[in-house]
Number of protein chains: 2
Amino acid sequence: MVARKSLKGDYCPSARALDVIGDWWSLMIVRDAFDGMTRFSEFQKSLGIARNILAERLRTLVERGILVAVPTAEGRARMEYRLTAMGKDLFPVMVALRQFGERHLFAPQEPRSRLVDRAAGRPLRLDITAEDGRAIGPDEAVIEKVPEAG
Amino acid sequence: MVARKSLKGDYCPSARALDVIGDWWSLMIVRDAFDGMTRFSEFQKSLGIARNILAERLRTLVERGILVAVPTAEGRARMEYRLTAMGKDLFPVMVALRQFGERHLFAPQEPRSRLVDRAAGRPLRLDITAEDGRAIGPDEAVIEKVPEAG
DNA sequence: TGACATTGGTTTCATCATAGAACCAAAAAC
DNA sequence: GTTTTTGGTTCTATGATGAAACCAATGTCA
């Protein structure tokens, strides 16, 4: 078997998430969708992705419930691709990636974009906390096997 | 040019982040590293990845500053791969992916693992907030071009 | 000391996925 | 009614991947 390995059977939630949106283009498409893009040509122009690959990615993102394809009013052949509720739940993933990128992948003086609170125009915070509100870093976190609910 | 497109030049921080850790295996390796794995054979066994690909991925993760390769005490040829500070900053990305996976990619009765607070043994929370503490969803967030400093 | 297994890879090769370009149909613009 | 734009599909060459074989350096055991 030479096919790309699937992580679908894996019991790690991150692995399954990556199986759904973990290829080179899917998350970029989702990013653009968060940014308001809906049309094939918008994605294509924004990403510079090959059109056959874009078509394929849009198809699988729809299949997997991240996007919906709605026929536009204009002609029934045209489609608009919009984030589903499930797709919008990828927001924290996008924010986490952005924060990492902003922190480590830009030179100090380099122009950049950032995600801000629409109301205040101020950068967002992303916090991982325990139930009591303490901030939790990698060393305070443990992966725990949840026993099967009977 | 047929080479896989690089997003390095892109001014979106998420794009750059994906350029560094956005392929099928890198984030899984990082996940295992968060889980305490350090050895080639541990990663290989855990992921079922082809060894040449694992070797290549470890090399580039080291190159990019996500992992460090430290020779083990035993023999100088053996390496231990550990997360750098930069690598540890991927923690929120991992948590966000896990949360998405837990929420959408498991059947209700299915056995699973989850990330908990080591002290309390309780699931973690991931919050995106404005500076004043309000929770921010995708619709309250805007991408803003930061004008060049200087 | 010698035989065998284990670790940590590298090399080779067949196949799959991707990029790029050409092509095409339907609608829209003129 | 001709041209342009949109939204793709098809085709082909090349890069990336998975599997397996190979190898060197240690470690294990008798």
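I started with helix 4 of chain B, and found Arg57(B), Leu58(B) and Leu61(B) buried there (buried means 20 or more other C-beta atoms within 10 Å of the residue's own, exposed means 12 or fewer, with C-beta atoms placed from the backbone). These three sit on the same side of helix 4 of chain B, because they cover an arc of only 100° around the axis (the arc is that of the directions from the helix axis to the C-beta atoms). A reminder to myself: an α-helix has 3.6 residues a turn, so residues three or four places apart point the same way.

A note on what I'm looking at: this is a predicted model, where local features need pLDDT of at least 70, side-chain atom pairs count only at pLDDT 80 or more, and totals for chains, interfaces and linings use all residues. Residues are numbered from 1 along each chain as its sequence is written, while chains are lettered from A and ligands numbered from 1 in the order in which they are written.

What do the buried residues of helix 4 of chain B pack against? I get helix 2 (26-34), strand 1 (67-71) and strand 2 (79-83) of chain B (contact means C-beta atoms, placed from the backbone, within 7 Å; helices are DSSP runs of H or I with at least four residues, strands runs of E with at least two, numbered from the N terminus).

On the face turned away from the buried side, I noted the exposed residues Asn52(B), Arg59(B) and Glu63(B). Just after helix 4 of chain B, Gly65(B) takes a positive phi of about 85°.

Last, a look at chain A: I counted 6 helices and 5 strands. Buried residues make up 34% of its 150 residues.

How values were computed:
Contact = placed C-beta atoms within 7 Å.
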